Amino acid sequence: MQELVSKSRKRAVSIARQVAMYIARSETPLSLSKIARAFHRHPSMVLNAVKAVGQDRILLQQAEHCIRMLIKNEVLEGPAPAPDESD
């Protein structure tokens, strides 16, 4: 986690940071400003990260895999269950 909020510009760290920002934006109700503060970045950097991940098929697949793992481990809530139709 320390490297995600660091000033490091190493490719592996910056990609992981972009994916983390994408997940924070897509899976939480947090504003761009709050996410930016959490990562010690400007809100425009969060917006750029969200767009970059959304446009890169491989990064998007990695983000979706991370989201599934977070849901599986109950860090994030999964989709709402389907309504019970027996009533």
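This is a predicted model: local features need pLDDT of at least 70, side-chain atom pairs count only at pLDDT 80 or more; totals for chains, interfaces and linings use all residues.
Reader: Which residue just after H3 takes a positive phi?

Author: That residue is His40, with a phi of about 60°.

Reader: What is the mean pLDDT of the chain?

Author: The value is a confidence on a scale from 0 to 100. Here the chain has a mean pLDDT of 85, and 89% of its residues reach 70 or more. Over residues 80-87, however, the pLDDT is below 50.

Reader: Which elements have the lowest and the highest mean pLDDT?

Author: Among the elements of the chain, the lowest mean is that of helix H1 (residues 2-5), at 85. H3 has the highest, at 95.

Reader: Which residues of H3 are buried?

Author: Start with the general idea. An α-helix has 3.6 residues a turn, so residues three or four places apart point the same way. In H3 the buried residues are Ile35, Ala36 and Phe39. Viewed down the helix axis, the buried residues of H3 fall within an arc of 100°, so they line one face of the helix.

Reader: What covers the buried residues of H3?

Author: The cover includes H1, H2 and H4.

Reader: Turning to pockets, what is the volume of the largest pocket, and which residues line it?

Author: A pocket is read from its volume and from its lining. The volume of the largest pocket is about 210 Å³. Its lining is made up of Lys7, Ser8, Arg9, Ser14, Arg17, Gln18, Met21, Arg41, Met45, Asn48 and Ala49.

Reader: Which helices each supply at least two residues of that lining?

Author: Helix H2 (11-27) and helix H4 (43-55) do. H2 gives the most, with four residues.

Reader: How does the lining of the largest pocket divide by class?

Author: There are three nonpolar, four polar and four charged residues in the lining of the largest pocket.

Reader: And what lines the second largest pocket?

Author: The second largest pocket has a volume of about 180 Å³. Met1, Leu4, Ala20, Ile23, Ala24, Leu30, Ile35, Ala38, Phe39, Leu70, Val75 and Leu76 form its lining. H2 and helix H3 (32-39) are the elements that give two or more residues to this lining.

Reader: How many residues of each class are in the lining of the second largest pocket?

Author: The count is 12 nonpolar, no polar and no charged.

How values were computed. Residues are numbered from 1 along each chain as its sequence is written. Side-chain values use heavy atoms; hydrogens and water are left out. On a 1 Å grid over the protein atoms alone, a cavity is a set of points where a 1.4 Å probe fits but cannot get out, and a pocket is an open set with protein on both sides within 12 Å along at least five of seven lines; lining residues have an atom within 4 Å of a point. Grid points are joined across faces, edges and corners, and a volume is the space filled by probe spheres set on the points. Ala, Val, Leu, Ile, Met, Phe, Trp, Tyr, Cys and Pro count as nonpolar, Asp, Glu, Lys and Arg as charged, and the others, Gly among them, as polar. pLDDT is the predictor's confidence in each residue, from 0 to 100. Contact means heavy atoms within 4.5 Å. Buried means under 20% relative accessible area, exposed over 50%, partly exposed in between (1.4 Å probe, protein chains only). The arc is that of the directions from the helix axis to the C-beta atoms.
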